[in-house]
Amino acid sequence: MEKQDARAAYADIIDLPHHQSETRPHMSLYDRAAQFAPFAALSGYDDMVVETARLTDSEIELSDSEIDIINDVIAEIAHLTEKGDHPTVSLTHFIPDKYKQGGSYEPFSGIVKRIDPVEKKLIFYGSDDIYDKRIPTVDIMIERIIRITLC
């Protein structure tokens, strides 16, 4: 059996014009592709591509002088909480990413409930109502803070 040239096999129809319906509009390429979306061969692939493209920040290593400034503010907060005060603090801290290396820097403001010297955390009330015990507290690791100020 001899192989035929594809052009020769379809010579009678190859030069005919493409059929266009006179009653229906031409379907866009986007709509034609959408017809086959439910049959994607690699389910989850699009999510994986989006996750890979998501950017994270590297954790900044502070200088000794920057660490001293943060420690001075934390010492002042400790002094105030020992006296029974609950100062309002504004800070920026690093939150590690759960899925990949790096993370993001997030601002936070809140009322300090106490400092945990063993776990090295600032513990904040969970809401503006400092007497509402139903709202969970917010814990922030002191070593992840890059900026902190008393309000």
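Which helix gives the most to the lining of the second largest pocket? Hold that thought for a moment. A word on the source: this is a predicted model.

Let's take the second largest pocket now. Its volume is about 160 Å³. Two elements each supply at least two lining residues: helix 4, residues 64-82, and strand 5, residues 145-150. Helix 4 is the answer to my opening question, as it gives the most, with three residues.

Who lines this pocket? Glu59, Ile60 and Leu62 do, along with Ile67, Ile70 and Asn71. Then come Ile142, Glu143, Arg144, Ile145 and Ile146. By class, that lining has seven nonpolar residues, three charged and one polar.

Next, the largest pocket. Its volume is about 210 Å³. The lining includes His18, His19, Gln20 and Ser21. Arg24, Pro25, His26 and Met27 also line it, and so do Leu29 and Arg32. Here the classes are five polar, three nonpolar and two charged.

Is Thr81 buried or exposed? Thr81 has a relative accessible area of 19%. The cut-off for buried is under 20%, so Thr81 counts as buried.

What surrounds Thr81? Start with its side chain. A polar atom there lies 3.0 Å from the backbone oxygen of Ala78. Now look further along the sequence. Leaving aside neighbours within four places, Thr81 is in contact with Pro87, Val112 and Lys113.

Conventions. Residues are numbered from 1 along each chain as its sequence is written. This is a predicted model: local features need pLDDT of at least 70, side-chain atom pairs count only at pLDDT 80 or more; totals for chains, interfaces and linings use all residues. Side-chain values use heavy atoms; hydrogens and water are left out. On a 1 Å grid over the protein atoms alone, a cavity is a set of points where a 1.4 Å probe fits but cannot get out, and a pocket is an open set with protein on both sides within 12 Å along at least five of seven lines; lining residues have an atom within 4 Å of a point. Grid points are joined across faces, edges and corners, and a volume is the space filled by probe spheres set on the points. Ala, Val, Leu, Ile, Met, Phe, Trp, Tyr, Cys and Pro count as nonpolar, Asp, Glu, Lys and Arg as charged, and the others, Gly among them, as polar. Helices (H or I, at least four residues) and strands (E, at least two) are DSSP runs, numbered from the N terminus. Buried means under 20% relative accessible area, exposed over 50%, partly exposed in between (1.4 Å probe, protein chains only). A polar contact is a pair of N or O atoms within 3.5 Å; within protein, one must be able to donate a hydrogen and the other to accept it, and residues adjacent in sequence count only if both atoms are side-chain atoms. Contact means heavy atoms within 4.5 Å.
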